[in-house]
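Welcome! Open the model, take your time, and work through the exercises below one step at a time.

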Amino acid sequence: MTDVYVISGFLGAGKTTLIKTMVHSAFKNKKLVVIENDFGEAGIDAGLLKECNLAVTSLSDGCICCSLTGDFEKAMERILKDYIPDAVLVEPSGVVRLSDLIKICLKQEDRGLIHLKRTITVVDIRSFDKYRKNYGGFFEDQIAYADLILLSHQEEGGQEIQSVKIKIQEMNPEARVEADFWESIPASVFRYGPRNSNIFKLEMEAAVSMKPVRIRSCREPSRRTGFIRRHFARDVFSSVTIEWKEPITEERLGKKILHVVKHAEGEILRGKGIVADGRRGLVFHYLPGSLSIEPANIVGNQVCFIGTGLDEQQIHTLFREETT
Ligand SMILES: Nc1nc2c(ncn2[C@@H]2O[C@H](COP(=O)(O)OP(=O)(O)OP(=O)(O)O)[C@@H](O)[C@H]2O)c(=O)[nH]1
């Protein structure tokens with residue numbers, strides 16, 4: 001059976017960056033395939049991972065825990081048959097419900113196809129409180145079902161690191177929480193460790209029901225209010241993808257992104273894209289409060305924004321407007 005590692009984390013937490021790190025440390029010289037699931041239409045993450053010469057299968061414009069479940073299952077089966085990899089790394093979108101994805105993996109484990117080896121969640125210490133408060137349903141689920149939790153942006157926090165670590169341990173006492181820089185974490189920590197008992201509970205649920213594992217789309221009881229509607233990612237978040245073919249300078253790209261972020265309705269939680277400046281590719285990452293634009297040896301023509309309450313037409317217009 002092929003080992004499967006799920007790398008989750010909220011929008012922009014650092015999942016792709018972690019995979020790049022693991023490829024050179026924990027999985028050095030291993031035959032790997034990454035299944036990548038962008039929430040937006042653009043296969044931007046797949047482009048970024050191809051820089052590392054990784055075999056990448058991209059499932060875009062939906063979530064593998066809901067609309068793309070069938071595609072994910074087929075992709076996994078095809079990968080196992082065609083590539084015969086040592087391990088498969090699954091990077092779901094930042095707004096995945098990790099427990100739902102685990103259920104799908106357990107179903108494949110039951111069929112003897114894979115072994116769900118490790119669920120790893122990346123948490124950006126800078127946005128922990130805000131995302132927990134505003135998007136707790138997705139954010140807390142990603143923490144509760146993780147075997148291993150890694151903190152990102154540790155270099156920007158002092159006290160913050162300890163306080164986030166304590167809060168995470170309260171939410172998931174069984175998980176191993178690593179606050180160290182990823183390069184200094186031993187390979188064995190990424191690859192081996194006990195399975196979280198919350199995952200065993202999902203297995204038990206499936207066994208007791210004696211039915212194929214199914215994702216509930218009905219109403220879930222809430223401790224406080226009686227019943228609430230269970231939200232799927234599409235109910236809460238939306239994405240806008242812009243195709244941009246003309247060469248653009250780093251400066252002009254930066255101005256456009258900040259113009260969109262400043263004037264767009266709703267809240268932009270993530271922006272990313274690969275474009276060309278005429279000579280080479282430019283990769284950008286936007287997260288609330290930070291924008292990075294870097295040259296890269298990949299060329300693309302897509303820009304993607306993800307957030308809540310976004311007006312697609314307005315974002316297209318804002319991005320195309322000339323800024324000074
Ligand atoms: N300074 C710093 N930057 C980081 C760290 N982790 C990730 N980044 C940066 O944060 C941005 C987003 O990182 P990604 O790895 O693309 O995040 P992601 O979780 O894959 O993003 P989505 O798939 O879009 O949800 C990139 O610019 C990374 O270089 C970190 O620990 N420190």
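**Exercise 1. Find the residues that line the largest cavity, then describe that lining.**

*Step 1.* Select Phe10, Leu11, Ala13, Val122, Val123, Asp124, Ser127, Tyr131 and Phe139, which line the largest cavity. On a 1 Å grid over the protein atoms alone, a cavity is a set of points where a 1.4 Å probe fits but cannot get out, and lining residues have an atom within 4 Å of a point.

Before going on, note that this is a predicted model, where local features need pLDDT of at least 70 and side-chain atom pairs count only at pLDDT 80 or more, while totals for chains, interfaces and linings use all residues. Residues are numbered from 1 along each chain as its sequence is written, and side-chain values use heavy atoms, without hydrogens and water.

*Step 2.* Strand β5 (residues 114–124) is the top contributor to this lining, with three residues. Strands here are DSSP runs (E, at least two residues) and helices likewise (H or I, at least four), numbered from the N terminus.

*Step 3.* Sorted by class, the lining of the largest cavity holds seven nonpolar, one polar and one charged residues. Ala, Val, Leu, Ile, Met, Phe, Trp, Tyr, Cys and Pro count as nonpolar, Asp, Glu, Lys and Arg as charged, and the others, Gly among them, as polar.

*Step 4.* The space in the largest cavity is about 30 Å³; a volume is the space filled by probe spheres set on the grid points, which are joined across faces, edges and corners.

**Exercise 2. Explore the second largest pocket and state its volume.**

*Step 1.* The volume of the second largest pocket is about 820 Å³. A pocket is an open set of points with protein on both sides within 12 Å along at least five of seven lines.

*Step 2.* Among the 40 lining residues, Gly12, Gly14, Thr17, Arg270 and His285 are the closest to the centre of the second largest pocket.

*Step 3.* β13 supplies the largest share of this lining, six residues.

*Step 4.* By class, the lining of the second largest pocket has 14 nonpolar, 14 polar and 12 charged residues.

**Exercise 3. Which residues are the closest to the ligand?**

*Step 1.* Of the 18 residues around the ligand (a heavy atom within 4 Å), the closest are Thr17, His153, Glu155, Arg270 and Lys272.

*Step 2.* A backbone N or O atom of His153 is 2.8 Å from an oxygen atom of the ligand.

*Step 3.* For Lys272, a side-chain N or O atom lies 2.7 Å from a ligand oxygen atom.

Notes
Polar contact = N/O pair within 3.5 Å; in protein donor to acceptor, adjacent residues only side chain to side chain.
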